[in-house]
Amino acid sequence: MSRVVLPRIKLFQRVSLVAGVVASTSSHMRVKKGPTIEELRQQALERAKECMHKESGIIFGKIKRLACLVANMRRETDIDAEFVRLEIKKLTKRAIEEIYARENELLEQVDHLVEEANATLDGQYNQLSSLRNQFYTKEKTCNDRLEREIDHEETGTPAPLIAYQESVQQALNYLKTNEASYKRRWVGFRTANEPNFKNTVKVLGFVGISDPRALRPWRTIGREGDGLAQFKGPVGIDVDKCSGDIVISDFDNHRIQVLDKNEQFKGVFGSKGSDSSGMKGPNDVKCDNEGRYVVADTF
């Protein structure tokens, strides 16, 4: 019995071993198969998202830099407008001062002319008063002589009356000769006609906005790049009044570059980062009166 069963058991074991090897080989072959369609789709999706994020970073960085540039231009426009307002007020104040000075000059001329005219009129009035007093006296003298000397039998013109008549005739001749000087003299003021006056006020100045695209640059500094004295998006500039250095905020390079007064590279500070010395798109820089730099950085 045992002789018949044992060979069969060994055969079964060999068959099981072969089946196990085949199953193991098949399983190993399945592991080495290529990625599935879903895996390929996922990989393509990840690559597309990575490319999209990269492109988005570029466009968002550009938008951020231009937004900072626009904000700076808005602030500088307000500064320019305030400066223009002060200049207009200063010019208007000077014009008003000149007008007041001219007003005082004209008023002084009026006072001088009135003084001269009044002096002339006062002299004429005094002359007439003196002449009137003289004739009062002559008339009284003539009347007294007539009462003493005239005789009712005298038929001719009395001598006192003849003398008085001669005096009257002399006075009339004098008044007739000088009558033209007794005419009124007008004190007047002649103004420039109104249109000319308006034009004079208009030429005080003009206000306008200039387009920098229509202007030719007087001088250019540096070129595009990330090396020394190279820039990517320079959006802020100022001059150190103490040393004459030119300080420029290099937005996309996340740094501040310093050029000397001869426009030669002098130094740089700052780098991309979020620590105390790091920068992330500095959009403006200013210099105070003590040679210190004030940087407006973004977050």
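**View 1. Cysteines of the predicted model.** Buried means under 20% relative accessible area and exposed means over 50%, with partly exposed in between; because cysteine 51 has a relative accessibility of 43%, this residue counts as partly exposed. Cysteine 242, in contrast, has a relative accessibility of 52% and therefore counts as exposed. The structure shown is a predicted model, and a search of the whole of it finds zero disulfides. A disulfide is a covalent bond between the sulfur atoms of two cysteines, and the cut-off applied to such a pair of sulfur atoms is 2.5 Å. For cysteine 242, the closest cysteine sulfur is that of cysteine 287, and because the two sulfur atoms are 8.6 Å apart, they are too far from each other for a bond.

**View 2. The chain as a whole.** Of its 299 residues, 16% count as buried. Among the contacts in the chain with a separation of 6 or more, 45% are between residues 24 or more positions apart.

**View 3. Helix H3 and its buried face.** Helix H3, which covers residues 159-177 and has 19 residues, reaches 27 Å from its first C-alpha to its last, and this span is close to the 27 Å expected at 1.5 Å a residue. Pro160, Ser167 and Ala171 are buried in H3. Seen down the axis of the helix, the buried residues of H3 fall within an arc of 35°, so they line one face of the helix. The exposed residues Lys176 and Thr177 are carried by the face of H3 that is turned away from the buried side.

**View 4. The open sheet of E3, E4, E5 and E6.** Four strands form an open sheet in the order E3-E4-E5-E6, and their pairing is antiparallel. Strand E3 (234-239) and strand E6 (265-269) are the edge strands, each of which pairs on one side only. On average, and with direction ignored, neighbouring strands of this sheet are turned by 20° against each other. Within the sheet, strand E5 (residues 255-259) pairs with E6 in the antiparallel sense over four bridges, and valine 258 has glycine 267 in E6 as its bridge partner.

**View 5. Two loop residues with positive phi.** Glutamate 263 lies in the loop between E5 and E6, and its phi is near 65°, a positive value in a residue other than glycine. Because its relative accessibility is 26%, glutamate 263 counts as partly exposed. Alanine 229 has its place in the loop between strand E1 (223-224) and strand E2 (230-231), and phi of alanine 229 is likewise near 65°, a positive value in a residue other than glycine. With a relative accessible area of 24%, alanine 229 is also partly exposed.

**View 6. The hairpin of E9 and E10.** Strand E9 (residues 284-287) and strand E10 (residues 293-296) pair in the antiparallel sense, with four bridges between them. Aspartate 284 stands opposite alanine 296, which belongs to E10. The hairpin of E9 and E10 has five residues between the strands, and in this hairpin glycine 291 takes a positive phi near 80°.

Terms used. Residues are numbered from 1 along each chain as its sequence is written. This is a predicted model: local features need pLDDT of at least 70, side-chain atom pairs count only at pLDDT 80 or more; totals for chains, interfaces and linings use all residues. Side-chain values use heavy atoms; hydrogens and water are left out. Two strands pair if DSSP finds at least two bridges between them. Axes are lines fitted to C-alpha atoms, for helices over the stretch in contact, and angles run from 0 to 180 degrees between N-to-C directions. Buried means under 20% relative accessible area, exposed over 50%, partly exposed in between (1.4 Å probe, protein chains only). The expected span of a helix is 1.5 Å times one less than its number of residues. The arc is that of the directions from the helix axis to the C-beta atoms. Contact means heavy atoms within 4.5 Å.
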